[in-house]
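Me: I am new to this structure and would like to learn how to read it. Please take one feature at a time.

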Amino acid sequence: RGPTALLLPLLLLLPLPLLLGLGGPLRRSALRLWFHLHGSSLEAEMCVVGFSDFHNPFRQPLDCRVCSNITAVDRKSNLSHDEFLRDYAYSMQPVVVEDGQRNWSAKDIFSFQFFSQIYSSDSSALDNSGSECQFFPYDTEFHNLRDVFEMEAGRAGMHGNAKPWYIGWSNCDSSAASILRQHYKRPYFIPAISESSKMDWIFMGVPGHGAHMHIDDVDNPSWQAQIRGIKHWNLEPPAECYYECSSLEAIVYPGQIIVLDTNKWFHETHILGEELSITIGSEYD
């Protein structure tokens, strides 16, 4: 066996943030092989999640003191505005707010069929044609949201041996946004002085699937509300802090909201249980 064959098992076990710490062409080659071994491709993942490390090679290294004492994802209920601002809003400490969806009707309304009916046939969100419209196919053959809503009923309903799927999109349709906001609102623990983004992010898929390890390139910290299904989160610090900060994990159940800075934590998700997972989220400043 040659040197390359001996290195393959080691590369498969390495976490993605550590590979991103490599320099120059070596990093791209290692990442290309890493994604291949995990059943995807570098090009697809860059398109889906927009690695900030690639888009901005001069990214300011993180001061690892901000995560060196974080050893777990906190879990809170009755989280006050003051406590949220002091401990979570702008820190690297992730938190799951267990009663985060107070007075929301989303849990009773949101479904695959609901989302398939809130867009007009000419909506730019369906074809990813607007400047703010983004669609994340992950490991599916879908090109846009229209493809998703046209899938056969058995696959959408997870019947039999239907092909699994997991996708996400940014809602760029103002009419659809008005309908969505009838069923959810700013989480109670985020004070009015923290302006929320008008952009909704929705992620939906079947058990056994989720998003590969990645880091986001968005403007602000964000929250994600688990409307239906159960989602397992794995969090990894950036490469420069890999030996100083801990890996974290959390399970988020329906009715709960996870808050974290996805610009600083590498994260991957995996849907658990037997129910379709639906998550909606937004940014705040």
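Me: Is N78 buried or exposed?

Reply: Buried means under 20% relative accessible area, exposed over 50%, and partly exposed in between, with a 1.4 Å probe and protein chains only. N78 counts as exposed because its relative accessibility is 56%. This is a predicted model, where local features need pLDDT of at least 70, side-chain atom pairs count only at pLDDT 80 or more, and totals for chains, interfaces and linings use all residues. Residues are numbered from 1 along each chain as its sequence is written, and side-chain values use heavy atoms, with hydrogens and water left out.

Me: Where is N78 found, and what is its phi?

Reply: Most residues other than glycine have a negative phi. N78 has a positive value, near 50°. N78 sits in the loop between β1 and α6 (81-87); such labels are DSSP runs numbered from the N terminus, helices being H or I of at least four residues and strands E of at least two. Y138 is not a glycine either, and has a positive phi of about 50°. The place of Y138 is the loop between β3 (135-136) and α10 (145-149). Y138 is buried, because its relative accessible area is 8%.

Me: How do I read a sheet, and which strands form the open one?

Reply: Two strands pair if DSSP finds at least two bridges between them. The open sheet has three strands in the order β8-β7-β10, with antiparallel pairing. Its edge strands are β8 (248-252) and β10, each pairing on one side only. From one strand to the next the twist averages 20°, where axes are lines fitted to C-alpha atoms, for helices over the stretch in contact, and angles run from 0 to 180 degrees between N-to-C directions. Seven bridges join β7 (residues 230-236) to β10, and K231 stands opposite I271 in β10.

Me: Which strands pair with β6?

Reply: β6 pairs with β9 in the antiparallel sense over four bridges, with Q224 opposite I258 in β9. Six bridges join β6 to β11 (residues 277-283), also antiparallel; there S282 is the bridge partner of W223. Of the seven residues of β6 (residues 222-228), six are buried.

Me: How many residues are in the largest nonpolar core?

Reply: In soluble globular proteins, nonpolar side chains tend to be buried together. A nonpolar core is a set of buried Ala, Val, Leu, Ile, Met, Phe, Trp, Tyr and Cys residues joined through side-chain atoms within 4.5 Å. The largest has 43 residues, and F115, F149 and W169 have the most contacts inside it. Apart from it lies another core of 17 residues, among them C64, L248, A250 and V252.

Me: Where is C64, and what is it in contact with?

Reply: C64 is in the loop between α5 (52-55) and β1 (74-76). C64 is buried, because its relative accessible area is 7%. Beyond neighbours within four places in sequence, C64 is in contact with E240, C241, E244 and C245. The C-alpha atoms of C64 and Y243 are separated by 9.5 Å, although the two are 179 residues apart along the chain.

Methods
Contact means heavy atoms within 4.5 Å.
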